[in-house]
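The points run from the whole chain down to single residues.

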Amino acid sequence: MNKTIYILFSFLILFSYKSKAQNVFVSLYNDFEIKTAVIRPVQGKYELIANDNKVLKINKGNNIIYFTAIGDSISAWDLDNHLGIFRKIEIVVKSKKNSFRIQPAYPALKEREYQGGVVLTAKENRLLIINNVNLDYYVAGVVESECGPNAPYEYYKSQAIICRTYALDHLSRHIQDGFQLCDCVHCQVYKNRCRKNDSILLAVKKTQNLVIVDSTLSLIAATFHSNCGGQTMNSEDVWSSEKSYLKSVIDTFCNNQVHSNWTDTISIKDWITYLDTIGFDITQKTLNNDSLTFIQKHRKKYYRINGDSILLTKIRSDFKLKSTFFSIYPENDYLILKGTGYGHGVGLCQEGAMQMARYGYSYSNIIYFYYRGVSIINFRSKKFVDIK
Ligand SMILES: [Zn+2]
Ligand SMILES: [Zn+2]
């Protein structure tokens, strides 16, 4: 396929989202096996449709509905009556302003509030609870869950575009499970509707329909992490797949932030045992303070000692370290690990991006700094966004 045809093809795929991007289907409490849950409207009007037939109206205050999975069916009650046993129940929104609260009763979990409707089914005594929600409400909920309620406005705009891009790029991720996205870290954290900060809602509105694309107009893998420690990572050094826009950048914006520095301690004995376990040719005699010292001024991919090497990502995972960006200094019987950053280090650095916003950089400046050679585009109007 030549490049022009490829770009036209990409446009077609990108803009085919136009009709279906309005709502997304997100599995709630996806990490848990919910048997019983309670739903009650907080705002607006809803109808309960069971097996595609209307059962009752449910409005704020006058209806609390209990749902229990029984095998592959759902038993439903309101305060007064058993409504029946059904294979599928939909709670359908009938007013523009709407929200509902949901709380699992078995197991007992924290109550959450969402907008939009709900589709309930059951399988092997487990409820599948799917929120049918407008993309913008979903993005706002994700931005609040992923970024907290006290960040700068321009940063929220950059994060809203990133979360929207990620969502549209992953609509098929759970297609075999019967929904599009889960509410956990596996997709994007969506633990509530956005309630705590109106500037998130405004940021989502002001960036409505904006997504990030690469030079072939494909949606980018818009990864982000808490703090890069001063230098982001090449995607291929962490996940093996190379992306032209996920390239290492030096980042001074995230210095002196909450997750800038960390230290850890490992006994030399444990370290030698570990190296031995992973197949390093090592004896205590060949080790001294010089060979145990490991310095990273710039990010490295491997830890090397006496001709053997191991991926730093494996060490991070095995020792549950905050990042792979650390140096090692022997001290008596211990190794002191002095590290910077928190997270995988690929893509946007959240604490650096927040600092850029505080210094007056725009959301597009932030996105173009962390993702190289990308464009911001309105996926409905097909217009590119100029750098401000
Ligand atoms: Zn998921
Ligand atoms: Zn950073």
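1. A word on terms before the domains: the domain bounds used here come from an automatic or database domain assignment. The model is a predicted one. On that assignment the chain is divided into domain 1, residues 36-124, and domain 2, residues 261-340. Taken over C-alpha atoms, the centres of domain 1 and domain 2 are separated by 53 Å.

2. Overall make-up. The chain has 11 helices and 22 strands. Its C-alpha trace spans about 75 × 50 × 45 Å along the principal axes. Of the 388 residues, 38% count as buried. Among contacts in the chain with a separation of 6 or more, 67% are between residues 24 or more positions apart.

3. The nonpolar core. Which members of the largest nonpolar core touch the most other members? They are L127, I129, Y138, V139 and V143, in a core of 85 residues. Leaving aside residues up to four places away in sequence, V139 touches A160, C163, R164, A167 and V204.

4. Helix α3, length and end. This helix covers residues 135-147, and at 1.5 Å a residue its 13 residues should span 18 Å; the end C-alpha atoms are 18 Å apart, so the two agree. After α3 comes G148, with a positive phi near 80°.

5. Is α3 mostly covered or mostly open? It is mostly covered, with 11 of its 13 residues buried.

6. The α10 and α11 pair. Helix α11 is made of residues 363-370, and its axis comes within 10 Å of that of α10, the two crossing at roughly 145°. The crossing is right-handed. On the α10 side the contact is made by A353, M356 and A357, and on the α11 side by N365, I366, F369 and Y370.

7. T165. This residue is in helix α4. Why does T165 count as buried? It has 25 C-beta neighbours inside 10 Å, and the cut-off for a buried residue is 20 or more. Not counting residues up to four places away in sequence, T165 touches V211, I212, L219, I220 and A222. T165 and K320 are 155 residues apart along the chain, and their C-alpha atoms are separated by 29 Å.

8. I377. This residue lies in strand β22, residues 375-378. I377 counts as buried because it has 22 C-beta neighbours inside 10 Å. Its contacts, again without residues up to four places away in sequence, are V211, V213, F384 and V385. V211 is also on the contact list of T165. I377 and N209 are 168 residues apart in sequence, yet 8.1 Å apart in space, C-alpha to C-alpha.

9. W239 is in helix α6, residues 236-239, and is partly exposed, with 16 other C-beta atoms within 10 Å. S240 is found in the loop between α6 and β16 (261-267). With 8 other C-beta atoms within 10 Å, S240 is exposed.

10. Backbone points to check by eye. Most residues other than glycine have a negative phi, and most peptide bonds are trans. S240 has a positive phi, near 75°. N306 also has a positive phi, near 50°; this residue is in the loop between β17 (302-305) and β18 (308-311). N306 is partly exposed, with 13 other C-beta atoms within 10 Å. The peptide bond from Y106 to P107 is cis, with omega near -5°. P107 is placed in the loop between β9 (99-106) and β10 (112-114).

Definitions and conventions
Residues numbered from 1 in each chain as written. Chains lettered and ligands numbered in written order. Predicted model: local features only at pLDDT ≥ 70, side-chain atom pairs only at ≥ 80, totals over all residues. Helix = DSSP H or I, 4+ residues; strand = E, 2+ residues; numbered from the N terminus. Buried ≥ 20, exposed ≤ 12 C-beta atoms within 10 Å, placed from the backbone. Contact = placed C-beta atoms within 7 Å. Core = buried A, V, L, I, M, F, W, Y, C linked by C-beta atoms within 7 Å. Expected span 1.5 Å × (residues − 1). Axes fitted to C-alpha atoms, helices over the stretch in contact; angles between N-to-C directions. Left-handed = near helix turned anticlockwise from the far one by under 90°.
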